[in-house]
Amino acid sequence: MKATSATPSTSAPVAHNALPPPSATSNARSSRIAPHSHIKGLGLTSDGLAAPDGAGFIGQTNAREACGVVVDLVKSRKFSGRALLLVGAPGTGKTALALAVSHELGNKVPFCPMVGSEVYSTEVKKTEVLAESFRRAIGLRIKETKEVYEGEVTELTPAESENPLSGYGKTVSHVIVGLKTVKGTKQLRLDPTIYEAILKEKIVVGDVIYVEANTGAVKRVGRSDAYASSYDLESETYVPLPKGDVHKRKELVQDVTLGDLDAANARPQGGQDIMSVMGSLVKSGRTEVTDKLRREVNKVVKGYVDQGVAEVVPGVVFIDEVHMLDIECFTYLNALLESPMAPTVILATNRGNALVRGTTDVVSPHGIPVDLLDRCLIVKTDGYNREQIGKVVQLRANVEGLKLGPGVLERIAEEGERGSMRYALQLLTPASILAGLSGRSQIEVEDIGEMNELFLDAKTSATNIGADGGFDGG
């Protein structure tokens with residue numbers, strides 16, 4: 001049903017407590033804009049040097065170049081089992097650097113982000129959560145060459161014979177399948193169990209299928225485009241006639257992680273009876289994987305690697321707010337880093353000298369024990385000056401599709417320098433809503449002033465706390 005277009009009204013000022021007028025684009029689907037939507041990579045040149053502004057980053061040239069070196073080491077698989085620690089004040093881009101590293105590595109390298117407080121679960125142990133994240137960050141690329149029969153089905157004839165167990169019924173003895181490609185045709189005589197798979201896939205004459213020679217697995221690719229009709233809307237997927245011979249070799253590449261293999265083997269396979277089905281429904285969603293099972297999976301993986309069938313792709317584990325881990329987790333983290341199958345670990349924290357969680361008297365830099373700190377390469381993120389804050393604000397305004405009036409950028413940059421850059425960025429969207437309520441299409445300086453009257457930044461709020469810990473004047 002088409003939406004009726006509203007007639008434009010006069011642009012009279014609107015009260016701040018009124019609802020905004022409906023816009024012509026209100027029904028358009030808009031994608032959600034995340035805090036780091038503007039980060040597209042590290043913004044490095046071919047020489048590994050960081051441009052002042054690039055790929056969504058403003059400044060942080062030293063940190064970006066250091067992360068670029070780590071990316072090259074990860075790609076060359078020479079950084080496995082080592083750790084990179086990002087330290088700096090809140091809002092200086094530590095999480096953005098980790099996301100940029102994941103962009104640079106691409107989709108083929110596993111990247112597993114987590115927050116330090118995720119380990120505190122009532123379902124599984126703390127060490128199990130860490131081990132699971134490490135296993136999900138180690139990829140396994142399996143390359144397999146299979147013999148397949150592929151083509152368009154031209155004939156599908158089941159051959160029946162007398163059932164030897166009963167004199168009244170008949171059973172399928174074999175099935176005749178004709179397959180056609182651009183190069184030729186072939187008639188196959190297949191086992192009756194394959195005919196059951198054909199029935200499950202609902203394959204009919206005119207479908208394009210392939211049958212694996214070793215396992216007998218049947219896969220329906222789609223309907224041959226020779227049968228394509230002139231309907232505007234169809235539920236069928238039409239595919240072209242396969243090229244080459246009917247009998248061919250196909251190389252298949254599948255990417256999985258060790259975490260996937262652990263979960264698949266740890267999940268118990270119940271029966272088909274009603275009690276087994278009901279039991280699987282009421283069981284807990286998470287299953288703890290034993291070390292014995294992981295060793296068995298590692299043994300199978302090593303066999304695949306030795307045969308040349310698979311290759312291990314070490315990925316990256318990113319632990320944000322790492323100071324939230326306790327002394328037991330840090331000890332276990334040391335053991336995980338020393339294991340033969342260990343990914344690259346990126347840690348991030350905004351703490352200075354802090355008490356190590358789980359202890360009463362151990363104060364350590366960044367809240368991390370010294371023995372783990374000694375294993376890390378440490379990268380410091382720098383604060384932003386007013387000019388850089390202004391560039392970041394302008395970048396975010398472009399991403400969010402906001403228009404800034406004269407003097408607005410300078411005013412927000414001033415607020416960011418006085419309070420924090422996060423506070424400055426958070427003023428953008430409320431100010432744009434306020435401007436829309438006033439009937440304007442761009443943010444003006446008075447909108448920022450009114451936002452400061454409505455909201456407080458962290459430093460201003462802290463000054464309102466009295467010496468007794470309560471609020472002044474209340």
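## Basis of the description

The model is predicted, so local features need pLDDT of at least 70 and side-chain atom pairs count only at pLDDT 80 or more, while totals for chains, interfaces and linings use all residues. Residues are numbered from 1 along each chain as its sequence is written, and side-chain values use heavy atoms, with hydrogens and water left out.

## Helices α3 and α7

Helix α3 (residues 126-136) and helix α7 (residues 291-307) have axes that come within 13 Å and cross at roughly 10 degrees. This makes α3 roughly parallel to α7, a term for angles under 35 degrees. Axes are lines fitted to C-alpha atoms, for helices over the stretch in contact, and angles run from 0 to 180 degrees between N-to-C directions. Helices (H or I, at least four residues) and strands (E, at least two) are DSSP runs, numbered from the N terminus.

On the α3 side, E128, A131, E132 and R135 meet R294, V297 and N298 of α7; contact means heavy atoms within 4.5 Å. The residues of this contact divide into two nonpolar, one polar and four charged. Here Ala, Val, Leu, Ile, Met, Phe, Trp, Tyr, Cys and Pro count as nonpolar, Asp, Glu, Lys and Arg as charged, and the others, Gly among them, as polar.

## The five-stranded sheet

An open sheet of five strands runs in the order β4-β13-β14-β3-β17, with parallel pairing. Two strands pair if DSSP finds at least two bridges between them. The edges are β4 (111-115) and β17 (376-380), each of which pairs on one side only. On average, neighbouring strands of this sheet are turned by 20 degrees against each other, direction ignored.

Within the sheet, β3 (residues 83-87) and β14 (residues 344-349) pair in the parallel sense over five bridges. L84 stands opposite I346 in β14.

## Salt bridges

The whole structure holds 27 salt bridges, each a side-chain nitrogen of Lys or Arg within 4 Å of a carboxyl oxygen of Asp or Glu. K143 pairs with E311, the closest N and O atoms being 3.8 Å apart. This pair links distant parts of the chain, as K143 lies in strand β5 (residues 138-162) and E311 in strand β12 (residues 310-314), 168 residues apart. K143 is partly exposed at 40% relative accessible area, and E311 is partly exposed at 25%. Buried means under 20% relative accessible area, exposed over 50%, and partly exposed in between (1.4 Å probe, protein chains only).

D457 and R418 also meet in a salt bridge (3.2 Å, N to O). D457 lies in the loop between α14 (445-454) and α15 (458-463), and R418 in helix α11 (residues 408-418), 39 residues apart. D457 is buried at 5% relative accessibility, whereas R418 is partly exposed at 42%. Salt bridges that share partners join K108, R141, K143, D255 and E311 into one network.

## Positive phi values

Most residues other than glycine have a negative phi. E321, which is not a glycine, has a positive phi of about 50 degrees. E321 is located in the loop between β13 (316-320) and α8 (327-338) and is partly exposed, with a relative accessible area of 27%.

H366 has a positive phi near 65 degrees. H366 is found in the loop between β16 (363-365) and α9 (370-373) and is buried, at 17% relative accessible area.

How values were computed:
Parallel < 35°, antiparallel > 145°, perpendicular 65-115°, else oblique.
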